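Have a look at the model first, then read on.

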Amino acid sequence: MKRRVQGRLRTAVVAGLCGLGAALCGIALWTGGPAHADVNGRTGEVLTYASPVEVLFSPDGTRLYVLCQGSAEVRVLDAASYAAIKNIAVGRVPRGFSLSADGKRLFVANSWDDTVSVIDTGTLEVAATWPVGAEPSSVVEDREGKQLFVANRISNDVAVLNAQTGAEEKRLAAGRGASYITPSPDGSRLYVTHVYPNFKPRRTGMENRTPPEAEITVIDTARAVVAERIPLHNIAHGFHVAFSTDGRLGVAAQLHPKNLVPLAHLEHSGAFADTLTLFGADVGKPVEIPLDELERYAVRPFGVAITADKSRIYVSCEGSEIVTVIDVERLLRFIHTHQGPYAQDLSASANYVVARIAVGHDPRGMVLSRDGKLLVANRLEDTLSVIDTRSNVLSKTVPLAGPKQLSVLRHGEQTFYTARYSFQGQIGCANCHIDSTFDGLTWDLEPDGFGRDIVDNRLLEDIKGTEPYKWNGGNPNLPTECGPRTEKYFWRAENYDDLTLTDLVVYVRSIPRRPNRWKLPGYELTPAQERGKALFMRTADKFGNPIPEGNRCSYCHSGSKGTSQKSFDVGTKKATDNTGLLDTPQLINVALTAPYLHDGSAATLEEIWTVFNPEDKHGRTNDLTKDELNDLIEYLRTR
Amino acid sequence: MKWAWNKSAMVLAAGMLAVGVVALGAPPDVPKAGVAPTMPRYRFENFTTANGLPDNHVYAVLVDGDRVWVGTDNGLGLYENGKWKIYTTQDGLAHRAVLTLAFDKRTGDVWAGTMGGLSRISGGRIDTYTQLNSGLSNDVVYGVSVEGENVWVATAAGACRLDLHTGQWSLYNERNTPMVEIWVYGVSATPTKVYFAVWGSGLLEYDQRTGRWDKYEDPDGENEMVLFKDQGLIHEIVTSVSYVDNIVWAATYFGDSRYDGRYWHNFLTKDSGLPSNFTNFIKGVDANRAWFGTDKGLAYYDGVNWAVYRPSLTTGKPEMTVRDAKGNVTQVAVTTAPAHNYVLGIDFQGSDIWVATAKGLSHGILQR
């Protein structure tokens, strides 16, 4: 009892601190402006962090290019001294970059501007900016310099552009959340990974209780068509791929969620497996191998690099803030002598992981130099870790120019991305909120038995003012959601100190809303969207009968964020649910967040009404024709 | 009133003319000895379930280079390097009955219209769109055509378009087009024009530039007699359409039509080499040449002459007949024929032809 009271007191104090801190320090929460990491620090300074995410050497090895997501620029450094040569401004939230085969052009994917910047590496100027698909996240040119391939995270495709003019020629269907493209060593194939699991069409009605499926989309570069798809069973989130120089070994970094069992099983390593998929001639059939070891987890493997002599694989692990080192010979011996599957075997990695090297906050992209150095971009520390691959020792940490002070938001973001607060350091907030968004999965969160109270994960963008939180509306505010709830049900470990919790809450409240890709420039609506809006706002059905307030779309999904912040029973309670009274979810970027409904049982927006609204409890919709329902959905996609 | 009188007079006159033509006799269709025009000859290799076809009832065939996709009553077949790979609902196919196929030449994706939705086969993955999980107007998909980033779909409840860039579905039905019946059997899309074969509602044309709809109907209305041949579409019950080289080729259950944007030319058994007016499928080769899938065999028209390939209607033995411009019909000695006379689909593989029939798949290999 005393502990509970203390907890409530602490929550109240934290909530108060949070509000006070925001007010006193002038913390500018998101107002719809650019997504740069312009943040107000504790002193009120506007701090723009570099936030490096990728790093490349020029073909001759003399220059280093660093892609800085926070400052929206490419920083050019001298590769020997790390002295700054030039900072080149690019588009908002750049996420990936690559050099042309001849090294004369550097292509940058600007994920919030839906453009690719083309930088002339001779003049170090942006020579062109080309429009591409929705949320471009990486870009690769073919060896002949004819075509440019761009992975679009939101449109789930790979755009093929004329590499000279930037004209889009076509788009290839990729997996969901297409994000990272890696060419094979001979350039004949491109391997595309995805940050979200593939969509699951409704077949049995139990799709929300089946493991995720992802893929590596393999593109035939010469023909610019999808040649094959490597299925990744049980995988939800894929990141970088690397190849050995002989092309016989491919390695993909990924996350393997265990979302079908209650998260309470974190104490039994029951939340995620941090794994790699190996493929290629050295392996035979693709095989998934774990990086985790008991009490030594490799949380959220992201970047991968393989040494030229194929002796070592390096994997950056965001949440654990380490680089994991794998002995390739021992790894191949292991997989050829042990019967799988071993993705969840915590004793396996001891057979091939030979070192874990501590680096900075949120390590992302990596690159190997010709002289045996591995450079790691530490996104939330504005540093590059330099590792000597002969000794596997951190030899140097290169600071990038920028603020040295840690702002509230920066600290909150570090807290969001690190795994250090969870039991044995297994997970962090970003495990389920990939890049501060969502994960496309349904989870069994509560310790109330297997398969009870299944909940769909929700998008974190612009959630200030959408409280209460949880599908049952049980958490009145973010300090409760991120504090006691997270500590008790998710981390099952030590509590945040009050300052850390405050900073985390401030960060979560500041996560911006991505630009909506279905809105026309100027935000006017298309005719279909206008018709849909009229249906959303209507107060009478097609027969002239008044629609009761609680049965109107606009009543429950009211306001600019699409939530009345109240709970309703919309007739979606399942036998496994403890309650049918559910918090009204916000509609922010709702087009991106499939599956839908509280338990993710609706695979698409359409299914909310075509399958799960037989009695019109989830809005009066059964009087609508198919084209009218399509119009309603067209409008919802603009929210 | 004046117009009505004029029309009545025209109908009467045309009827009298038609009676006169019948009295004079139909063009000869009895085989004659003589020199036949040179028409392509094929050696047909036929596939059934005995050699790997998923089902003998083949609705559609689609050639993709060396690969041949086949839509059957029991799954989608892919014939490659002499082997069959079968896709079923277990693989994610929308329904076992695959009625129509279309190829996206740019991406290599195949689109399959089924009795239970629309499926995209891309790099081995199957994505399915249904009337419940998407904006697709109806699950019974009779026709599909890919044009740029648009997938045009003909369904049992109107037509629709999926914009692959935005994911938006646009529906076309009696509420926003001149479509009276909404049973859409076929679609042929190009960047400029899109044509819909509407069962009972004629031929619909959509101008992509202006967004304008035009409707082509049988000037004889629902009269089964052809009073105004070559004055318009041959019949309201349009089953298939093919738009190539700015020419529309339209098939109906009562003859076929060719339209060049100004003039119509219709084909009937009584005055052409068409083996039957009941035509399931039509595929234009270019402005002058087309293939016809009828219930009484496979036919080819080269702009002047006709050739029919089929098992004989009387003996069942392989048969090829050629009809010249004067109506002279010549029998050509052949040893093979398509698997069945009920032809449902046609596609080309270089100089070869693939034919979907009600009882098997046929590969016609051109004989030099």
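Start with a salt bridge: the side chains of Arg458(A) and Asp583(A) pair up, with N and O 3.0 Å apart. By salt bridge we mean a side-chain nitrogen of Lys or Arg within 4 Å of a carboxyl oxygen of Asp or Glu. Before going further, a word on ground rules: this is a predicted model, so local features need pLDDT of at least 70 and side-chain atom pairs count only at pLDDT 80 or more, while totals for chains, interfaces and linings use all residues. Residues are numbered from 1 along each chain as its sequence is written, chains are lettered from A and ligands numbered from 1 in the order in which they are written, and side-chain values use heavy atoms, with hydrogens and water left out.

**Domains and chains**

Chain A splits into domain 1 (2-47 + 407-426 + 458-510) and domain 2 (521-636), with bounds that come from an automatic or database domain assignment. Where they touch (contact means heavy atoms within 4.5 Å), domain 1 of chain A puts in 14 residues and domain 2 of chain A puts in 16. About 1,200 Å² is buried between these two domains, 50% of it from carbon and sulfur atoms. Buried area here is the accessible area (1.4 Å probe) that two parts lose on being put together, summed over both. On the domain 1 side of chain A, Leu459(A), Thr466(A) and Trp471(A) lose the most area to domain 2, together 46% of what that side buries. The two domains share two salt bridges.

How about chain B against chain A? There, 28 residues of chain B are in contact with 29 residues of chain A, and the buried area is about 2,100 Å², with carbon and sulfur atoms giving 43%. Two salt bridges are counted between these chains.

Over all chains the structure holds 65 salt bridges. Here are some of them:

| Pair | Closest N to O |
|---|---|
| Arg175(B) and Asp627(A) | 3.0 Å |
| Glu141(A) and Arg105(A) | 2.8 Å |

Strands (E, at least two residues) and helices (H or I, at least four) are DSSP runs, numbered from the N terminus.

**Helix packing**

At what angle do helix 3 (residues 408-417) and helix 6 (residues 498-510) of chain A pack? About 95 degrees, with the axes of helix 3 and helix 6 lying 7 Å apart. Axes are lines fitted to C-alpha atoms, for helices over the stretch in contact, and angles run from 0 to 180 degrees between N-to-C directions. Helix 3 and helix 6 of chain A are therefore roughly perpendicular; angles under 35 degrees count as roughly parallel, over 145 as roughly antiparallel, 65 to 115 as roughly perpendicular and the rest as oblique.

Helix 7 (residues 527-537) and helix 10 (residues 626-636) of chain A also pack at about 95 degrees, with axes 7 Å apart.

**Backbone details**

The peptide bond from Glu467(A) to Pro468(A) is cis, with omega near 10 degrees. Pro468(A) is in the loop between strand 32 (454-456) and helix 5 (478-491) of chain A.
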